[in-house]
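Please open the structure in your viewer and keep the selection panel at hand.

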Amino acid sequence: MHSVLIKNGRVVTGSDDQIADIYIEGEKIVAIGKNLPYQASVVIDASGKLVFPGGIDPHVHLDMPFMGTYSSDNYETGTRAALHGGTTTVIDFILQTQGKSLHDALTAWKGRSDGNAVGDYSFHMAVTDFNDQTCLEIKQLIDQGITSFKTFMAYKGALMINDYQMVGLMQEVKKHGGLVTVHATNGDMIDYLIAKHRSEGKLSPLYHYLSQPEVTEAEASGRFADLAEYTGVNGYIVHMTCEGALNEIRRSTMRNQRVLAETCIQYLTLDASLYENDGEGAKWVMSPPLREKKDQAALWAGINQGLVQVVATDHCPFMWQQKLMGEHDFSKIPNGHPAIEHRLELLFSEGVNKGRLSLNKFVEVTSTNAARIFGMYPEKGTLSIGADADIVIFDPTEKHTLSAKTHHMNVDYSAYEGWELTGKCKTVLLRGQIAVHDGVAKVGKGYGKFIHRKTIESSTTSNPNN
Ligand code: URP
Ligand code: ZN
Ligand code: ZN
């Protein structure tokens, strides 16, 4: 049987930190310890390197029809780029078409993913039209391993559901132990501000930012938390960006409720001054928009306080030509930015190296917590006996520069062009196979497999912080 021995690395999980060897047989970790006495077909010397669980990015959009176009990374290019940056599993969003069934949407997404992924993947189901028919499909999807249901409180007319539908969905998902996730911004208020700015001839990317002020996110986050409390469902807020929304999460903890929260790497590292960048602001048009430095400080603190459990990417790339669809009107710029490849390296360089995060916290928010919340733990999200051998061997001292010229994402600009980082993924294993080594992909299209997930409530180990 294929076997791998990783020797003398600094093995870091969400809770442990030790110099040890890891022995792998087939797809699984068989032993962890000092001076392991195994012979293996492949031996990797990891002295001086960090060895941690493969990253899990629970918020990506691959090959997604959106705003009149498609996100430019498909399952092959997107999951391969993810592997280059140490992310071994992603969770993509299936979007129900309003008026159609959830199963129709699942079939469409399987057509994009089956046989194409290089890295492992799973799906959230975005419910954009909750009705008596959709209601019957919730349990069926959970049985098929799709245990988290995404809702949008914005993008009216395409993806948004109202509170009537939200409460109905929450009650149904609660019945089956699943999770409701949310894009929490006030869609009506945003649409009003967009219309107002357009009528005043204010059309540059800066007005994308000014159409989604902090209050639109704080209000919707609070409303979502209140509805989740009433229905008792497990709730998770995606791409949280700001202090106001974080305060709503904090408020929920005061009544002993726990609403889980994700932020994304861009909200920790980039700020709204980029929208004033002449001619280039569209690169950072995403929803919610980038915020202020005070929001970055609040988010870093929120991670360390355990209020924010996950750092994802909301990877939703578009070529520059696609971004130009909104050259003369910010409301037509496809929303989203590319980041799937550099989440771990950015968070290590900006977080761990700058003293903002401990190494254990880094592993928690890039891998372990997502595995627990989304029902993949302990097969994924940690390094333990019996777990999938999804492993990153990381040089914490290597310096490198991010650029569109060298990245692997299918997008012709980098949102981080010229950024100098310290710390680089050297070798990445996915289920025991070397997937990437020294910048070269070693597994191909079709190696990635669909991960059938448990519900958040089906495992006592599912809750981060427990
Ligand atoms: O701008 C974004 N975030 N694009 C992707 C869709 C979404 O709202 O997550
Ligand atoms: Zn969103
Ligand atoms: Zn998204």
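Is Phe 450 buried or partly exposed? In this predicted model, Phe 450 has a relative accessibility of 29%, so it counts as partly exposed.

Next, select Phe 123 together with Phe 450. The two rings form a tilted aromatic pair, with 5.5 Å from centre to centre and 40° between the planes. This pair links distant parts of the chain: Phe 123 belongs to strand S10 (residues 120-126), while Phe 450 lies in the segment after strand S19 (440-441), 327 residues apart.

The structure has 15 aromatic pairs. For another of them, select Tyr 23 and Tyr 38. Their ring centres are 4.0 Å apart and their planes stand at 5°; because planes under 30 degrees apart count as stacked, this pair is stacked. Here too, distant parts of the chain are linked: Tyr 23 is in strand S2 (residues 17-25), and Tyr 38 is in the loop between strand S3 (28-33) and strand S4 (42-45), 15 residues apart. Tyr 23 is buried, with a relative accessible area of 4%, whereas Tyr 38, at 32% relative accessibility, is partly exposed.

Now select Phe 52, Phe 348, Phe 362 and Phe 394. Ring pairs join these four residues into a cluster.

Finally, turn to charges over rings. Select Arg 372 and Tyr 377: the charged end of Arg 372 sits over the ring of Tyr 377, 4.7 Å from the ring centre. Then select Arg 431 and Tyr 447, where the charged end of Arg 431 sits over the Tyr 447 ring, 4.5 Å from its centre.

Conventions
Residues numbered from 1 in each chain as written. Chains lettered and ligands numbered in written order. Predicted model: local features only at pLDDT ≥ 70, side-chain atom pairs only at ≥ 80, totals over all residues. Heavy atoms only, no water. Phe/Tyr/Trp six-rings, centres within 6.5 Å; stacked < 30°, edge-to-face > 60°. Helix = DSSP H or I, 4+ residues; strand = E, 2+ residues; numbered from the N terminus. Buried < 20%, exposed > 50% of the residue type's maximum accessible area, 1.4 Å probe, protein only. Lys NZ or Arg CZ within 6 Å of the ring centre and 35° of its normal.
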